[in-house]
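Please walk through this structure with me, one chain at a time. Keep the sequence and the 3D view side by side.

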Amino acid sequence: MKVLTLNFLTCAVKACKTTNNSFPLHPKDAELVHDEIEINRDLLVNVLPRIDWTALRTTSTELGFPTLPEQPPTAEDLQQDEKMLKELHALLLETQMMEGKLVCGHCGHEYAVREGIANFLLPSHLV
Amino acid sequence: MEYLIRFSQSYETFRLPEIQALAVLEGIDLKVVSYSLESPFCIVKLPSQDAAKRLIRRSILVQTVHELWGLGATLEAVHADVRERTSHLWDQYLTCSFKFTIDSYQGTRSGERKIDIINSFAYLGFAGPIKMRNPDQEFILFEDWPLNSTPLGIPDPKFYFLGRYLGTGARDLPKKLDLKKRRYISTTSMDAELALVTANIALAAPGKLMYDPFVGTGSFPIACAEFGALSFGSDIDGRSIRGDEKKKTLKANFEQYNLLGRLGGVFTADLTNSPIRRLPLGGDNGDNNDSGVKGRLFDGIVCDPPYGVREGLRVLGVRDPEKCPWVIPKGKEMYKLPDFIPPRKPYSFLAMLDDILQFSARTLVDNGRLSFWMPTANDQDQEMPVPTHPYLEIVAVCTQAFNKWSRRLITYRRIPNAQVDPGAVEKAKEAQETGKLLGKTADELNPFRKAYFTRFESPPTNTPDNEPVQ
């Protein structure tokens, strides 16, 4: 599961949806792998406005990556700044979480990640 | 200029929606001049021959596209039309190498007769060498014959078209993604050709994000990734994604086609309790005049939800908490164990469709598309209506008919918030309140399932024919 996907996922428990603490989910005991993929500038430009930058900064730090700038780059930045493009590409698309847990900051529920596949099914008392 | 599209004569109702979608994708102004479900020949108006080539290059249902040189019900009429349309073009083809053939649809000609007909076009004045392999230009006379013309001894076709060849569609892609050669499939994997057509109609393209909430073995995400999109998927049954956890997995399928870089992520989840972040409807059109991208994640959603017949339709929850009161407390105790599998209950197919529409309205960017498959009975009395949503406009309804039932591919476009009719939103709310389905068993919840297993028979009526013989 790419780091980009982590930016799209929040706690599945309905009561958590309205709180800010449930997003992003916090990786715990995360095992990461890095797969080299060809850079796709159009994809990154398209994806950029959909990323919750504050959440991505949190995830990036928690996964042990260098701190991201406070403000997201603009589409123009990505066109010009090759280094920024490469770094974002490496973080969002090349880095994958294979094992570990994703923890909700509100209810504390832990979603297991096994072989890159997270399990968001809930027991009946949380549905 | 007018162009001739030579379709394959299959999946007829999908053909126009597919090229119309490709016209949107390529930004080409496409006008359909003549089209019929019964014929593989379609005439369109396009701005240029370059546009014609771009339009069909990734089409699954188009065989070839041609510059239209003439048409008519008789050869004489064709000759007159060719003179009228193209005399000013002939000079360009005087010296190039060329090939001239006849393509008879539903009919045959003897070799001699073919040569006679080809020679009747001698006035075009092409003096270049004839090359049957890789000629500079290829001219094809298409003949549209009536059905069964050979056994009936019909001497001439209904209609003729003369075209100059421009390009070929992507008819080889279904072979590349053929299920028979795919590492990992299941009983309900969508066949490659229809998955690719679906991806085309849903506008999958490089740089776009596509999502399948009923991913199974990954047929749709693979088709979308083949067209360059980044694919996401989820399924309530994690086993379908994991496969045998060795060589037969969803990931292995992406690997087989060298598409692993375009697999964004797959996870186990239930659409009614989805972990995908989304804002309430209408809540994201504040002061930023973006195209609805903020808070909405996907360019397209494609899926084939379980109909509840071959594949059970279930969501998280307990079917009958009163009858089995121990299930919930037991789950509370056990849910942290790694092997815990949460209980699931049967769910209504119609409610599931509403959930898909609501989810899509909240997660699709403006003009993003939802394409999903749903079954229906062929009998009009039992036909299931096409579901509607105030934020989604129906773009196309395509039908694949079987004996007693059909499945339809329904495609919607996410309307920008500003264009949504507030009256429709109110009406939809009321309809939702009154239309809530009650029931616990699979049959009660799913009229299609019930009809399927009672062979789509209408309730018995008291006609004299049905009365026992005295």
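Among contacts in chain A between residues at least 6 apart in sequence, what percentage join residues at least 24 apart? The figure is 68%. Contact here means heavy atoms within 4.5 Å.

Some ground rules come next. This is a predicted model, in which local features need pLDDT of at least 70 and side-chain atom pairs count only at pLDDT 80 or more, while totals for chains, interfaces and linings use all residues. Residues are numbered from 1 along each chain as its sequence is written, chains are lettered from A and ligands numbered from 1 in the order in which they are written, and side-chain values use heavy atoms, with hydrogens and water left out.

Start with chain A. Its secondary structure comes to five helices and four strands. Helices (H or I, at least four residues) and strands (E, at least two) are DSSP runs, numbered from the N terminus. The order from the N terminus is α-β-α-α-α-α-β-β-β. The C-alpha trace spans about 50 × 30 × 25 Å along the principal axes of chain A.

Now the surface of chain A. Of its 127 residues, 50% count as buried. Buried means under 20% relative accessible area, exposed over 50%, and partly exposed in between (1.4 Å probe, protein chains only). Chain A exposes about 5,900 Å², and carbon and sulfur atoms supply 48% of that area. Accessible areas come from the Shrake-Rupley method with a 1.4 Å probe; for residues, only the protein chains shown count as cover. The side chains of chain A include 11 positive and 18 negative ones. The centres of these two sets lie 7 Å apart. Lys and Arg count as positive and Asp and Glu as negative, with His and the chain ends not counted. Each charge is placed at NZ of Lys, CZ of Arg, CG of Asp or CD of Glu.

One peptide bond in chain A deserves a look. Most residues other than glycine have a negative phi, and most peptide bonds are trans. Phe23(A) and Pro24(A) are joined by a cis peptide bond, with omega about -5 degrees. Pro24(A) sits in the loop between helix H1 (3–6) and strand E1 (26–34) of chain A.

Turn to chain B. It has 15 helices and 16 strands. Its C-alpha trace spans about 90 × 75 × 50 Å along the principal axes. Of the 470 residues in chain B, 53% are buried. For contacts in chain B with a separation of 6 or more, 74% come from residues 24 or more positions apart. The accessible surface is about 22,500 Å², and 51% of it belongs to carbon and sulfur atoms. Chain B carries 60 positive and 58 negative side chains, with the centres of the two sets 6 Å apart.

Find strand E6 (residues 137–144) of chain B. Eight of its eight residues are buried, so E6(B) is largely enclosed by the rest of the structure. In a regular strand the side chains alternate between the two faces of the sheet. From E6(B), Gln137(B), Phe139(B), Leu141(B) and Glu143(B) point one way. Glu138(B), Ile140(B), Phe142(B) and Asp144(B) point the other way. Strand E5 (residues 98–105) of chain B pairs with E6(B) in the parallel sense over eight bridges. Two strands pair if DSSP finds at least two bridges between them. Lys99(B) has Glu138(B) as its bridge partner in E6(B).

Where do the two chains share strand pairing? Strand E4 (residues 117–119) of chain A and strand E10 of chain B pair in the parallel sense over two bridges. Ala118(A) stands opposite Phe267(B) there. E10(B) covers residues 263–268, and six of its six residues are buried. Strand E9 (residues 230–235) of chain B also runs parallel to E10(B), joined by five bridges.

Finish with Asn258(B). Its phi is near 60 degrees, a positive value in a residue other than glycine. Asn258(B) is exposed, at 71% relative accessible area.
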